[in-house]
Amino acid sequence: EHESSLGLPSGEHEVPLVIADRLLRTDGSLYYPDSGDAAAPWVPEVFGNLTLVNGAILPRADVEPRRYRLRVLNASNGRFYHLRFRDGRPFQAIGSDQGLLAAPVTLRSIFLAPGERADLVVDFAASRGGAIELMNDALPLMRFAVGQGSVRDDSRVPDVLRDIPRFTDASVSRTRELTLDEYSDCVATPMLMLLGGKRWHDPVTETVKLGSTEAWSLVNLTEDTHPIHLHLVRFQILDRRPYDVDEYTSSKTLRFTGPAQEPPPHERGWKDVVQAYPGMVTRIAATFDGYKGRYAWHCHLAEHEANEMMRPFEVV
């Protein structure tokens, strides 16, 4: 009801875009690599040789010369996407993983990790009769063919979308320090990914009181960006801050090497996936309301979560 009152593009003027890369053989069949070791078939990451949008290679969408709402999901195993239009046109981000932002944000590109969603509005009105390409950096993903006719567009993007009170340190009743870990063999090939140095079947260490608000500091000890996803809850990104990885590894001392960095405006809404950058401590805050029970949190890179980078937490 709230969304419909805003006047955003809706119905046939909403386009879902599920983006996923896949490995295809020359005969068109799907291929998924393994290590060659039947006892340990896991590989660190899988990247496709083709990117599919809604299951098709380089599809075309016929659109009218007006505003459209693009609902984007990065459904890849491990590939991040830097989305932009070939002509550099601006668009507006109006929502993230868990709904609308507080206000629209004008962008010319957006970087999405596996599992992340973006709610975007793009205006094709000035491109009547033209073709607009959606790109991943320099690689085309799909084409929007803009019709020739004149249309009436009553949609709009208001300056205010919803009220999102921001968490502060004073909102938090408990803080946790949780590491993102990677273990390699003697030739530096990643062999095992863990959260907090523990495997999935180890006892639960994160027990949360129903209704409480916690801040989790994700200490990334690896050289990868990990999209971390929490089940049950929505959260806000508080900040990211660089720290001395070597000192933490040797003495478990968290020494920051620079100031905290607030998330960019398009990351200030409600999230359930956060990009935890290497060399940074990423802080998120969530209220664990709704239901008691056992839930999961994990890296959203498919091969990482399948190789132990997933842990339970329990709401009591």
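**Notebook: strand pairing, aromatic contacts and pockets**

I looked up Gln92 and found that its bridge partner in strand 8 is Thr106. Strands and helices here are DSSP runs numbered from the N terminus (E, at least two residues, for strands; H or I, at least four, for helices). Strand 7 (residues 91-96) pairs with strand 8 (residues 99-107) in the antiparallel sense over five bridges; pairing requires at least two DSSP bridges between two strands. A hairpin of two residues joins strand 7 to strand 8.

I note that the model is predicted: local features need pLDDT of at least 70, side-chain atom pairs count only at pLDDT 80 or more, and totals for chains, interfaces and linings use all residues. Residues are numbered from 1 along each chain as its sequence is written, and side-chain values use heavy atoms, with hydrogens and water left out.

**Aromatic pairs**

I took rings of Phe, Tyr and Trp (its six-membered ring) as paired if their centres lie within 6.5 Å, with planes under 30 degrees apart counted as stacked, over 60 as edge-to-face and the rest as tilted. The count comes to twelve aromatic pairs. Phe167 and Trp270 form an edge-to-face pair, at 5.8 Å centre to centre and 80° between the planes. Phe167 lies in the loop between strand 12 (139-146) and strand 13 (174-184) and Trp270 in the loop between helix 2 (245-251) and strand 19 (273-276), so the pair ties together parts 103 residues apart in sequence. Phe167 is buried, at a relative accessible area of 16%, and Trp270 is buried at 8%. Buried means under 20% relative accessible area, exposed over 50%, and partly exposed in between (1.4 Å probe, protein chains only).

I also checked Arg234, which lies over the face of Trp270, 3.9 Å from the ring centre. The criterion is NZ of Lys or CZ of Arg within 6 Å of the ring centre and within 35 degrees of the ring normal.

**Largest pocket**

I took a pocket as an open set of points on a 1 Å grid over the protein atoms alone, where a 1.4 Å probe fits, with protein on both sides within 12 Å along at least five of seven lines; lining residues have an atom within 4 Å of a point. The largest pocket is lined by 15 residues, of which Asp181, Glu182, Leu221, Thr222 and Thr249 lie nearest its centre. Strand 13 gives the most to this lining, with seven residues.
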